[in-house]
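Visitor: I have the model open beside me and would like to go through a few of its details with you.

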Amino acid sequence: SIYEMFGNECCLSTGEVIKVIGFKINKLIASICENNEVSQFSAKVELPLNFPGLYKVVADKTPYVSIEEITRKVSIGTTRFGHPCFYSPEDIKLANLTIKHGEQITFNSVEEVNGMMAVNCGVVRNNQSHSFTLPLSQEGKFYECEDDQIYTLKEIAEWKIPKCRNRIVKLSNTLHTWDSSNPLPENFDGCLILTPVYEVQAVMKFRKDIVHILSDLDVEVKDITDCYDISSFLQPLSLEDVFERTSKEFPMVAEIMEGPSGSQKPYNLLHTGKEIIIYKKYQATRVLASEIRSDSPKRHFLIPLSYKGKFKRRPREFPTAYDLDIARSEKEQLHVVATKAFDSPHKELFSVSVGDQFLVQQCQTSEVLYEGRKKVIDVLACEQILSDTYKKVLLPMYMEGGFVEVIHDKKQYQLSEICKEFRLPFNVKVSVRDLSVQEDVLAAVPGLQFEEEITDSYLLISSNSNPVESWEIPVYRLNMSVHLLSKDVQTVVPAATKTTVEEISEEQYYMVRRYENQTLHPPPRPPKKPT
C-alpha cells in the first residue's frame, strides 16, 4: 500500500514491521448542535486542529460505569489538562472517608497501590483538599462535572475527547473576524458536536522519522507484539515527555525526529536528523506584552528579562478613578488629564470637565448626602492643577470617566528595571533596539503594554556538533519530537545562553493568561454608586 501524507510518500510493504506508538486526532468533523443532537439542517464541516477560537466543553450526559472505563477512555496525566472531574449520584463509602453524592472528584493520576491499579483522587471541602484512591474495579455511575475553563480546538482534541465518544463544545470567543472561508455560519455562537478523525503514529525499523497513517487506510495488519523484540525500535519523545524526566537524567543527547516550523532562531536550526544536547529543565520568567492599538488583532509577545533593548514610557489610559488608585505608586506622583466629563451627583464631590489636570493623592472615605440620608463612600483625593495654584478635590471611586497619564520621565529603561520599579500593566515603546540580535521584532511595534510577569517551562539546548552557544526553548508551545541517543555528553553548558522574544498567537496569549491567573485572586471590583 502506497500513500502520501504531509507531502511524503510512504510505502507499507507486505511483511513490514511497524511499531505503533500512539493514536492522535488528525482533524475534527463538526456539526451544529441543537438540544444535544445534530441539527437536521446542519451540514458536516471539517475543522483543522488549528481552527481559531476558544471553546467551552459541555459535560457529557452519558455516565461511565466504572473507574476502569474512565481510565481507558479519558486522558489522565500530570499536565495541567490531565485532571478531569466526575461526580457520583450515590455516596461512595471508603475506609476512612465517604464521598458524598454530587461531590466533585478530581482524578489526578493512575498508579499501582498495594499491587492493584488505582486512581489518585481528591475532593475539596471547606477550602481543604482530601486525597484518596479509587481502585479500577470500583463500579457505579460516574458523570462528568461542568467545566468552566476555555480551550483551543487542539487542546480539546488532545485532552477532552474521550475514546469512542463525541464531544459537544460551545463557542466562547471567535478571536477572529468572520470571512467567507470560515466553514461556520456568520455570527455563530452556538454548540458544535465534534467527531474525531484519528491517525496512527508509528515508527518503522529503518526510518528515523515518525510515520503518520490515517486510520481509514485500507491495509491489513497482524499483532506480533508478543513475539517481537520491540526494543530495536526508536522511542519518540515529545518535549513534554523530556520535561517530565527527573533532573538527574540531564544532560542528555537526542536526535530530532520531527522539527518545529518557523524561520526564527533557534527553530530554523532544529531540523529532522539534527543532534542536540539537552542540558536541563527549569522554569523561567517572561514578560507578557501586547501591542497598543485600538483595532484588532493585536500582536502578543513573551519577552525574556535578558532582552538588551531599552524602553521609554508611553502614557497609560485609565477608565475610572478606581484604576487611578490601583496605578498610583510611592515612587512618583501620578499626573493625569481628564478625557471625559463627569457630573457629580453629590455637592461634596468634584465634577470633572475635559482637560482638567490632576495629581493623584490617596484613597479615603467621605460622607455625602444621598436622598436626604448621609452615606460614607470611597473617594479618591486629588489635587487639581490650576494655572497658578493647586486645589484639593475628591473624586468618587465609582466615577466612570477617562484619564490619560502625563509623562514627565524621559529616562530609558531596561526591562528588568521596569519590572523592579513599576507596577504592571505599563506602557512603553522601544527607544534602543536589542543590538545582540539580527532582527528585533519589538523595535517595529509603535507601542507595547507590559501586562504581567509569567513563569513558564523551558529546556536548555545546544547543537551536539558545535556546542558554542545554548538556547532556551519553550516546552508547551514547540511541536517537536526527539529520541534519546546513548552517547557521551558534554556536561558544561556553553557560556553564551541565547533567549529570544517569542511572538505568540491570540489563542496562546489567552492560554498563557489563563494559566498564570489560575493562582491569583481577581482584583476587587470598583465600588458602585450608593443605593
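Visitor: Is isoleucine 326 buried, exposed or partly exposed?
Guide: This is a predicted model, in which local features need pLDDT of at least 70, side-chain atom pairs count only at pLDDT 80 or more, and totals for chains, interfaces and linings use all residues. Residues are numbered from 1 along each chain as its sequence is written, and side-chain values use heavy atoms, with hydrogens and water left out. Buried means under 20% relative accessible area and exposed over 50%, with partly exposed in between (1.4 Å probe, protein chains only). Isoleucine 326 has a relative accessibility of 35%, so the residue counts as partly exposed.

Visitor: How many disulfides are there?
Guide: A disulfide is taken here as a pair of cysteine sulfur atoms within 2.5 Å. For cysteine 145 the closest cysteine sulfur, that of cysteine 85, is 5.6 Å away, which is too far for a bond. By this rule the count of disulfides is 0.

Visitor: Which strands stand at the edges of the open sheet of 6 strands?
Guide: Strands are DSSP runs (E, at least two residues), numbered from the N terminus, and two of them pair if DSSP finds at least two bridges between them. The order in this antiparallel sheet is β23-β28-β24-β25-β26-β27. Each edge strand has a single partner, so one side of each is left without a neighbour in the sheet; these are β23 (317-320) and β27 (390-396).

Conventions: Helices (H or I, at least four residues) and strands (E, at least two) are DSSP runs, numbered from the N terminus.
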